[in-house]
Amino acid sequence: VPLLALALNWTYVSDFYRISFSGAEDAQPRFRVATLNSHAFRMGNYEGVVRETAHFFNRRQADIVCLQEFVPASKYGLDSIAVDFGFLPHVYHPLDHRGISELTVFSRYPITDCGFIPFRDSDNSALWIDVTVDGRKLRVLTAHLQTTGVSSARGQLNRQSGNIEGQTAVLNSMSDR
């Protein structure tokens, strides 16, 4: 059954996994795009977390890094962070309607065009950049999407254990989301 499933979905699977029967590497150049919700680097010492994050992407030879919830600190701003991400010298960090940016892209390749896409009635947004790699124009899009809030609602549901009316209200709220 699993082999049949793979055979029926071969075009889909082959889009994600390259299998070389010749033993030789693909002639196409590798291009690595990585993305991370940085949670404003709140997981510890701000500077240390930024440096470790940059080091992580550098070790994996990322060509473009897209960061969501990217908020430079007042004492460790975008210029300092750009030094940590120096292996990706090109940066797009647009400001949204609130005058802040929570999306940033660092790129190994010069950014030839870019754009910011605010989402209506939301603090979330998206952005895109164009880069040229080996004579080919590539567009990279990154988005910070709104959570459904279902995870936090599960905790509310557990607290309503035994209370049918409370559970019904929480489930209705989850359904609306």
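The following dialogue sets values computed from a predicted model against their definitions.

Visitor: What are the ground rules for this model?
Guide: Residues are numbered from 1 along each chain as its sequence is written, and side-chain values use heavy atoms, with hydrogens and water left out. Because the model is predicted, local features need pLDDT of at least 70 and side-chain atom pairs count only at pLDDT 80 or more, whereas totals for chains, interfaces and linings use all residues.

Visitor: What makes a stretch of the protein count as a helix or a strand?
Guide: Both are DSSP runs numbered from the N terminus: helices (H or I) have at least four residues and strands (E) at least two. The protein comes to 6 helices and 7 strands, in the order α-α-β-α-β-α-β-β-β-β-β-α-α from the N terminus.

Visitor: What makes the crossover from strand 1 to strand 2 right-handed?
Guide: The term applies if, with the strands pointing away from the viewer, the path from the first strand over the helix to the second runs clockwise. The β-α-β path from strand 1 through helix 3 (residues 46–59) to strand 2 is right-handed.

Visitor: Why is C66 called buried, and C114 partly exposed?
Guide: Buried means under 20% relative accessible area, exposed means over 50%, and partly exposed lies in between (1.4 Å probe, protein chains only). C66 has 2%, so it is buried; C114 has 31%, so it is partly exposed. Of the 177 residues of the protein, 31% count as buried.

Visitor: How many disulfides does the structure contain?
Guide: A disulfide is a pair of cysteine sulfur atoms within 2.5 Å. A search of the whole structure finds 0 disulfides.
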